[in-house]
Amino acid sequence: MNGERRPTPVEYLELGLSVLMRHLPVTWVSAIGAWFGARYGRRGIAAGRKWVKRLHGNIERFGGVADPAERERRIVDYTRRVGSIYAEFTVLQRLVEEGRVEVVGVEHLQGLSRPAILASAHLANWELVGHVLTLLEGAGSVLYDPPANPIRHRLAVEARLAWRRGRDGELVPASPGAMRHLTRAIAQGRNLLMYVDEERDGYIRAPSLGREIPYAGNRWLTARLAARYQADVVPVHVEHLGQARYRVVIEPKLIPGEGDAETRARSLADQMERHLDTWIRAHPEHWYWLPWFEPGRPAPFRAST
C-alpha cells in the first residue's frame, strides 16, 4: 500500500476482482476491463465531465473528427482501452508468455553502453516496456508515479516487480528525492526505465504537441542523467494491435550532439520530444494523457537547472 490512506470498500472489491482475474483467460481479463472502462466513459459523457470535454477537443484537434457523435464513440473506445490496461495489470507476464506481445527492434539493444536508459511514453499498454528492461543485462530501476488509489498502487508495484523474477529490480517513486536516487542508481551501473511524457498537477509537461515548453520534468531529467553518465538513451513505445495483443517497438539509440554536458542534454531532450510527438500524433487516442492535455494552459513551473 502507499501509506497515504486506507482503501475504501469499493477499492477492496477491486482487489478481490484482481485476484480472480489472475486465474481467468487473458482475453476474458481484457474484456472485463474493457466493459468497466466503456461503462465509465458512457457515464462521463452523460454527466458532462471536464475530462470528456477535453477529450472532445483533443480528438477533433489531433484526429480531425468534427462530428460530436463520432467523437463520443471514440471517447468510449478510449475508456474501453484504459479499462483493459488496468485489468491487464494482473496478467502482464502472461501476455508475453502466451505470445500476445510482438517485440521488434531487439537488435537495437546490442552493443549498448552500461548503463542504458529506456525512454518511453504512456501509449497502449505501456507497462509492457518493463519486459524490454529485462532483456538488458544487469539490474534495472523504474521511475513511477504512485497512484492515489492504494489498491491500484499495490497491483502496479506487484506487476512491475514481477518482470524481474528474483533479479535485482527496484521501483523509484516520483518525489523530491527521486533525482538523487536515480543518480545513485545510474552511477552504480543500473539500467533505467523512464516515461518521459509526464503529467504533474493536471499539467502535461511533455511532449509539447505544438506548445512552448521548457526543459523540465522527466524528459530533462533523463537527458541530464544520460549526458552526465554517458548512458545510451533507447526510445521504446507500445502499439495496440487488438484485444490483448500489442507490439513493442525498440528504436535505435539516440546520438547526442557535440559539446558540453548541457548541450548534449538539450540535444537528447529535443530528440525525445520529436519521438514523443511522432508516436502520439500517430495514435492520439491510444495516449493515456489525452484527457489531461490542454494546449492553451501555461506551464505552472520553471525550467529545471
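Helix H9 (residues 217-229) and helix H10 (residues 261-282) cross at roughly 135 degrees, with axes that come within 8 Å. That makes H9 oblique to H10. Here an axis is a line fitted to C-alpha atoms, for helices over the stretch in contact, and angles run from 0 to 180 degrees between N-to-C directions. Angles under 35 degrees count as roughly parallel, over 145 as roughly antiparallel, 65 to 115 as roughly perpendicular, and the rest as oblique. Helices (H or I, at least four residues) and strands (E, at least two) are DSSP runs numbered from the N terminus.

A quick note on what you're looking at: this is a predicted model, where local features need pLDDT of at least 70, side-chain atom pairs count only at pLDDT 80 or more, and totals for chains, interfaces and linings use all residues. Residues are numbered from 1 along each chain as its sequence is written, and side-chain values use heavy atoms, with hydrogens and water left out.

**H9 and its two partners**

H9 passes H10 in a right-handed crossing; a crossing gets that label if the near helix is turned clockwise from the far one by less than a right angle, and is left-handed if anticlockwise. On the H9 side the contact (heavy atoms within 4.5 Å) includes Arg219, Trp220 and Arg224, and on the H10 side it includes Glu262, Arg266, Asp270 and Glu273. By class, the residues of this contact are nine nonpolar, one polar and seven charged. For those classes, Ala, Val, Leu, Ile, Met, Phe, Trp, Tyr, Cys and Pro count as nonpolar, Asp, Glu, Lys and Arg as charged, and the others, Gly among them, as polar.

H9 also meets H8, and there the axes come within 11 Å and cross at roughly 35 degrees. The crossing of H8 and H9 is right-handed. H8 brings Met179, Leu182, Thr183, Ile186 and Ala187, while H9 answers with Leu221, Arg224, Leu225, Arg228 and Tyr229. That contact divides into seven nonpolar, one polar and two charged residues.

**Pockets and the cavity**

Rolling a probe the size of a water molecule over the atoms shows where empty space is left. On a 1 Å grid over the protein atoms alone, a cavity is a set of points where a 1.4 Å probe fits but cannot get out, a pocket is an open set with protein on both sides within 12 Å along at least five of seven lines, and lining residues have an atom within 4 Å of a point. Grid points are joined across faces, edges and corners, and a volume is the space filled by probe spheres set on the points.

| Space | Volume | Largest share of lining |
|---|---|---|
| Largest pocket | about 1600 Å³ | H2, seven residues |
| Second largest pocket | about 320 Å³ | H9, five residues |
| Largest cavity | about 110 Å³ | E4, three residues |

The largest pocket is lined by 48 residues, and Glu14, Val82, Tyr86, Arg152 and Tyr288 lie nearest its centre. Among the elements that each supply at least two residues of that lining are helix H1 (9-21), helix H2 (26-47), helix H3 (50-63) and helix H4 (68-88). Its lining has 27 nonpolar, nine polar and 12 charged residues.

H9 turns up again in the second largest pocket, where helix H8 (178-187), E6 and H9 are the elements that give two or more residues to the lining. Of the 15 lining residues there, Arg200, Arg205, Gly217, Asn218 and Leu221 are the closest to the centre. By class the lining has seven nonpolar, four polar and four charged residues.

The structure holds one cavity of 30 Å³ or more. It is lined by 14 residues, with Leu133, Val142, Arg160, Trp163 and Leu171 closest to its centre. The lining splits into seven nonpolar, three polar and four charged residues.

Two cis peptide bonds go on the list. The one from Arg114 to Pro115 has omega near 0 degrees, and Pro115 is found in the loop between strand E1 (101-104) and strand E2 (116-120). The one from Ala206 to Pro207 has omega near 5 degrees, with Pro207 in the loop between strand E7 (203-206) and H9. Then there's Asp201, a residue other than glycine with a positive phi, near 55 degrees; Asp201 lies in the loop between E6 and E7.
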